Amino acid sequence: MQIAELPLTAIEPSSCNPRRRRNKLEDVELMAWIVTHGILTPLLVRPTAEADKYQIAAGHRRYSAAQSLGMDTVPVQIREMTDIEYLEILHVENLQREDVHPLDEAVGYKELLEQGGYDVATVAARIGKSETHVYQRLKLNDLIKEGQKLFLEDRIGFGHAVILARLDRKQQKEILVNHLFACQ
């Protein structure tokens, strides 16, 4: 492991970052913190196949804040890691946060199962959650797009989203059409 100061141009965010939604207010607060104190925790990156290029495993928000602030360099911890190790760090680091939306959790768990070769028991153990928690989140991957949108907009709650996801796509569509017309 190596600590270095790298130019932002040498760093690329991961397209697999499980955190797809971010709180704009928290991003502004992070930028204010960085202006005052700097980046105290280095980003975790791994070398890519391209010479002198690195991919972020942890620290996407700090990277974005540094970009927005026009910084030239950021502190990083460079670590060699396999694709599986990278995927695990990428997901586990994000999924252990309190403010991760359940849909982001669902996608992250699914990717760990499909790409990481894990089973539910292993995922649960790695993130410190129960298997039931993981299964419930995984079920959200079966929610149709309209249901996901309502859930993300807090127009339906977690319990309703899980119940809907247990239904087939046609039933979900019928219920949501009736819900949308009832709410207008």
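Colleague: Leaving aside neighbours within four places in sequence, which residues is Arg137 in contact with?
Modeller: Happy to start there; bear in mind that this is a predicted model. Arg137 sits in helix H6, which covers residues 131–139. Beyond its neighbours within four places in sequence, its contacts are Pro102, Glu105, Ala106, Tyr109 and Phe158.

Colleague: Does Arg137 count as buried or exposed?
Modeller: The cut-off for buried is under 20% relative accessible area. Arg137 has a relative accessibility of 11%, so this residue counts as buried.

Colleague: Good, now Ile144: where is it, and is it buried or exposed?
Modeller: Ile144 belongs to the loop between H6 and helix H7 (145–152). Its relative accessibility is 4%, and therefore Ile144 counts as buried.

Colleague: What separates the C-alpha atoms of Ile144 and Asp168?
Modeller: Let's look at the surroundings too. With neighbours within four places in sequence left aside, Ile144 is in contact with Arg169, Gln172, Lys173 and Leu176. As for Asp168, it is 24 residues from Ile144 along the chain, and the two C-alpha atoms are separated by 9.2 Å.

Colleague: Turning to the sheet, which strands are its edge strands?
Modeller: The open sheet has five strands with mixed pairing, in the order E1-E5-E3-E4-E2. Two of them pair on one side only, and these edge strands are E1 (2–7) and E2 (11–12).

Colleague: Which residue in E5 stands opposite Pro7?
Modeller: E1 pairs with strand E5 (residues 73–78) in the antiparallel sense, over six bridges. Opposite Pro7 stands Thr73.

Colleague: And at about what angle does helix H2 run to E4?
Modeller: Helix H2 (residues 60–68) lies across E2, E3, E4 and E5. Relative to E4, H2 runs at about 125 degrees.

How values were computed. Residues numbered from 1 in each chain as written. Predicted model: local features only at pLDDT ≥ 70, side-chain atom pairs only at ≥ 80, totals over all residues. Heavy atoms only, no water. Pairing = 2+ DSSP bridges. Helix = DSSP H or I, 4+ residues; strand = E, 2+ residues; numbered from the N terminus. Contact = heavy atoms within 4.5 Å. Axes fitted to C-alpha atoms, helices over the stretch in contact; angles between N-to-C directions. Buried < 20%, exposed > 50% of the residue type's maximum accessible area, 1.4 Å probe, protein only.
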